[in-house]
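Welcome! Please take a moment to look over the sequence and the model below before reading on.

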Amino acid sequence: MYDTRFIDLPPLNRAAGTVRLPGSKSISNRVLLLAGLCEGSTEVHDLLESDDTRVMLDALRALGCGVHPLADGVRIDGLGGRLIARRASLFLGNAGTAMRPLTAALALLAATQDGEFELSGVARMHERPIGDLVDALRQLGCSIDYLGQQGYPPLRLRPGSQQFGELAPIRVRGDVSSQFLTALLLSLPLICEGGSRTIEVDGELISKPYVEITLKLLRRFGIDVERDGWQRFTIAQGSHYRSPGSIHVEADASSASYFIALGALAADRDALRIEGVGADSIQGDIRFVDAARAMGAHIDSGPGWLEVKRGEFPLRPIRIDCNHIPDAAMTLAVMALFANGSSRLDNIASWRVKETDRIAAMGCELRKLGASVVEGADFIEITPPQSWQAATIATYDDHRIAMCLALAAFNPLLGQPGVPVRILDPRCVGKTFPEFFETLFGVVETPIQQIPVLTIDGPTASGKGTVASAVAKALGYQFLDSGAVYRATALAAMRRQIAADDAAALAALANGLDLRFDGGLILLDGEDVGDLLRAEEVGAMASQVSSIPAVREALRRQQLAFRRVPGLVADGRDMGTAIFPEARLKVFLTASAAMRAERRHKQLISKGISANIDDLRKGLEARDLRDKSRAASPLKPAEDALHLDNSALTIEQSVDVVLKAWEQRQPFA
């Protein structure tokens with residue numbers, strides 16, 4: 001998952017390949033709670049790993065459930081409807097799929113089994129209404145206190161005020177959030193021994209497909225619900241949970257919407273294949289496929305898969321009632337940017353009580369891109385930009401805003417000069433799709449010149465590698481340590497016993513080098529070789545192989561291949577002059593020989609290696625002279641390089657200078 005303050009997406013123009021989606025958040029958290037309420041063990045396979053499922057699992061542990069990791073999920077040892085921990089404080093982040101159902105289940109268990117629980121979340125969770133669910137639970141005799149604003153979390157759940165005998169139907173509003181009804185449906189089987197339980201819905205029930213998911217999963221756990229339309233639901237007397245033994249979580253249909261849209265926009269040659277969800281999905285958001293087809297997408301589907309290609313483009317504008325696809329409808333708002341007219345999404349009042357006020361937030365961010373937007377109480381109307389603008393997209397700690405608006409980076413498809421899109425706080429996608437950006441970057445294409453490059457060159461021991469690595473981490477870019485490329489080639493040659501003068505064999509080796517930089521690791525053929533590359537004999541071999549023209553050409557191609565979306569930071573001695581002369585920012589980092597010798601001395605001493613500081617300084621000066629005198633790519637700053645002498649700067653200060661210089665070259669500044 002990208003752990004950066006922002007991520008800049010260059011203009012993108014094509015998509016191809018295969019996407020494997022993570023498990024559904026809605027199904028994952030429902031199944032986890034059902035498994036926790038059952039007696040016995042339930043194996044949950046293909047479980048979504050995300051912030052929302054993490055808080056649910058933490059809550060189940062705190063309540064006394066056994067939680068045992070599996071290779072592809074988790075095994076839950078359930079409570080059997082009986083409290084083990086009778087007191088607990090549960091933090092549920094911004095997970096509505098945890099807060100609402102746990103409130104209902106624990107309110108009933110606390111009332112009937114003398115429990116007391118406090119439920120809280122992040123600040124935004126304390127702004128998301130829960131009063132209608134609390135009112136419904138109080139009809140049953142539950143004692144629930146608001147610990148902050150009336151009608152909102154945090155909550156305290158206490159022992160009940162009356163016996164749970166035969167009661168009149170429980171009434172709950174259905175026009176604010178379907179999660180209130182879902183919470184009651186998931187919890188009422190806990191108290192059906194003495195009689196049936198009926199829920200009557202006041203108002204028009206929104207997000208009906210999510211209630212359908214709940215009903216289908218209840219059936220898997222032994223609970224049949226009698227339904228009279230969408231207004232009355234009855235759970236029979238004697239109903240109790242039975243574990244299915246094992247259950248698989250299908251992939252998230254809401255997450256599929258981003259890649260369905262991607263295929264509709266940018267899969268103009270081969271179809272984009274989406275695996276994990278298909279025509280047989282139990283999720284209502286699979287009906288997003290119909291909306292995408294209506295806008296012009298060509299979509300084939302089967303059990304567990306979809307294949308999407310561009311059909312009509314620009315897309316057709318659409319007006320649609322989105323009550324059946326409230327989450328996925330956000331993706332339609334971004335697809336509307338690529339239509340040949342205005343689109344309107346109706347019946348989306350529930351957007352206003354999600355992770356943020358999504359109608360207001362989407363309106364604000366779409367306008368930044370150049371769109372004209374009209375907002376209403378329960379609708380949004382979007383007219384595509386006349387001229388696209390480079391924009392910094394605020395995400396409001398809302399995963400869906402980050403993911404759907406990433407598609408705006410495909411703006412060059414409309415024939416205008418491409419502009420980049422900055423997504424703030426990309427970490428928020430961890431709520432449902434932690435690897436979203438990595439997955440997106442794995443299937444997108446763009447002309448190589450559109451991918452930004454920042455180079456940091458300089459003499460030995462100037463700190464360029466450390467600075468470059470930190471800059472790459474801050475930007476979420478690929479990282480290239482060119483010195484490590486040559487040393488890795490040398491190490492691979494030594495392991496294969498290739499002689500230093502065997503130019504043909506060395507060039508072939510360099511052409512097929514399997515080298516990756518992953519965080520702080522240098523992986524050669526999948527093995528971390530960072531420490532091995534520092535060996536003196538490896539450095540000596542690297543000096544020899546680097547003088548062979550065929551090897552240098554092979555490794556030049558290797559280094560160019562590191563230029564991948566979203567961008568690259570490359571460090572070395574000729575990155576800005578020979579390898580990436582068109583880099584957007586070139587930094588020449590240096591320090592006095594005395595300072596570099598002092599730094600190298602401290603580094604060696606810290607590793608228990610004795611060293612003489614004067615000898616180190618002389619060695620560095622001699623190395624500088626050799627590097628400057630090389631016939632091929634001598635050490636020198638590019639003509640347009642930023643010169644940075646960091647003799648008096650810390651690494652952090654040097655990184656800050658480079659990042660500020662980079663920011664000044666962005667269209668967002």
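This is a predicted model: local features need pLDDT of at least 70, side-chain atom pairs count only at pLDDT 80 or more; totals for chains, interfaces and linings use all residues.

**Strand pairing**
- Strand E22 (residues 379-383) pairs with strand E20 (residues 343-346) in the antiparallel sense, over four bridges.
- In that pairing, Ser-343 has Ile-382 of E22 as its bridge partner.
- E22 is also joined by four bridges to strand E21 (residues 372-375), and these two run antiparallel.
- Here Ser-372 stands opposite Thr-383 in E22.
- E21 and E22 form a hairpin, with three residues between them.

- In soluble globular proteins, nonpolar side chains tend to be buried together.
- Leaving aside neighbours within four places in sequence, Leu-262 touches residues from several parts of the chain, including Ala-15, Leu-272, Phe-410 and Val-444.

- The largest cavity has a volume of about 240 Å³.
- It is lined by 26 residues, and the closest to its centre are Thr-97, Arg-128, Gln-179, Asp-327 and Lys-354.
- Helix H1 (25-37), helix H3 (96-113) and helix H5 (178-187) each give two or more residues to the lining of the largest cavity.
- That lining divides into six nonpolar, nine polar and 11 charged residues.
- The second largest cavity holds about 50 Å³ of space, and the residues lining it include Lys-25, Tyr-210, Asp-252 and Arg-400.
- H1 and helix H6 (208-220) are the elements that give two or more residues to the lining of the second largest cavity.

**The second largest pocket**
- This pocket contains about 720 Å³ of space.
- Helix H12 (436-441), helix H13 (464-475), strand E27 (478-481) and strand E28 (515-518) each supply at least two lining residues, and the largest share, four residues, comes from H13.
- By class, the pocket lining has 11 nonpolar, six polar and six charged residues.

Technical notes:
Residues are numbered from 1 along each chain as its sequence is written. Side-chain values use heavy atoms; hydrogens and water are left out. Two strands pair if DSSP finds at least two bridges between them. On a 1 Å grid over the protein atoms alone, a cavity is a set of points where a 1.4 Å probe fits but cannot get out, and a pocket is an open set with protein on both sides within 12 Å along at least five of seven lines; lining residues have an atom within 4 Å of a point. Grid points are joined across faces, edges and corners, and a volume is the space filled by probe spheres set on the points. Ala, Val, Leu, Ile, Met, Phe, Trp, Tyr, Cys and Pro count as nonpolar, Asp, Glu, Lys and Arg as charged, and the others, Gly among them, as polar. Contact means heavy atoms within 4.5 Å.
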